[in-house]
Amino acid sequence: MYSPFSKTDDLKSATRDLSDTVFQTAEEAVTSTRDLANDAIGRADRKARDLRASIDPAIDHIASRAQELARRSSALAQDARAKAQQRLAEYADVTTRYVAEQPVKSVLIAAAAGAVIAALLVSRRNHNDY
């Protein structure tokens, strides 16, 4: 027997089956895309970690070399300071001995040096006035 509802029911069933298939395919596509994205993120994370692992020793080496250079520079500066203080003390001793051995000559040299300095100051002041 022919029933007009059977074709409608068949059409509804076919539509429902097609809808379920499309929905299942869409879910599979979303899952596949999510898996690919997670895999890509995982690979990028591993590469970033590998890069960081290779850079960290280089940074440590550079920092170590910089600290070593700073220590050497500090030691050289301290040595130069000690040598300068020693030479200054030697010059002071030589000057003291000279003044003690040659007092008149020392006073004349000091007076001449003072006169030259005074003349330079006066000359500079006169030059700045013009």
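Select Glu68 to begin: this residue is partly exposed, with a relative accessible area of 27%. Partly exposed lies between buried, under 20% relative accessible area, and exposed, over 50%, with a 1.4 Å probe and protein chains only. The model is predicted, so local features need pLDDT of at least 70 and side-chain atom pairs count only at pLDDT 80 or more, while totals for chains, interfaces and linings use all residues. Residues are numbered from 1 along each chain as its sequence is written, and side-chain values use heavy atoms, leaving out hydrogens and water.

A salt bridge is a side-chain nitrogen of Lys or Arg within 4 Å of a carboxyl oxygen of Asp or Glu. Arg72 counts as exposed, at 53% relative accessibility. Both Arg72 and Glu68 belong to helix 1, four residues apart, about one turn of the helix. Helices (H or I, at least four residues) and strands (E, at least two) are DSSP runs, numbered from the N terminus.

Now select Arg49 and Asp45. Which kind of contact does Arg49 form with Asp45? The two form a salt bridge, with the closest N and O atoms 3.0 Å apart. They also lie in helix 1, four residues apart. Arg49 is exposed at 54%, whereas Asp45 is partly exposed at 37%.

Finally, select Arg43 and Asp39. Here the closest N and O atoms of the salt bridge are 3.2 Å apart. Arg43 and Asp39 are separated by about one helical turn, because they stand four residues apart in helix 1 (residues 4-101). Arg43 is partly exposed, at 42%, and Asp39 is partly exposed, at 39%. A search of the whole structure finds three salt bridges.
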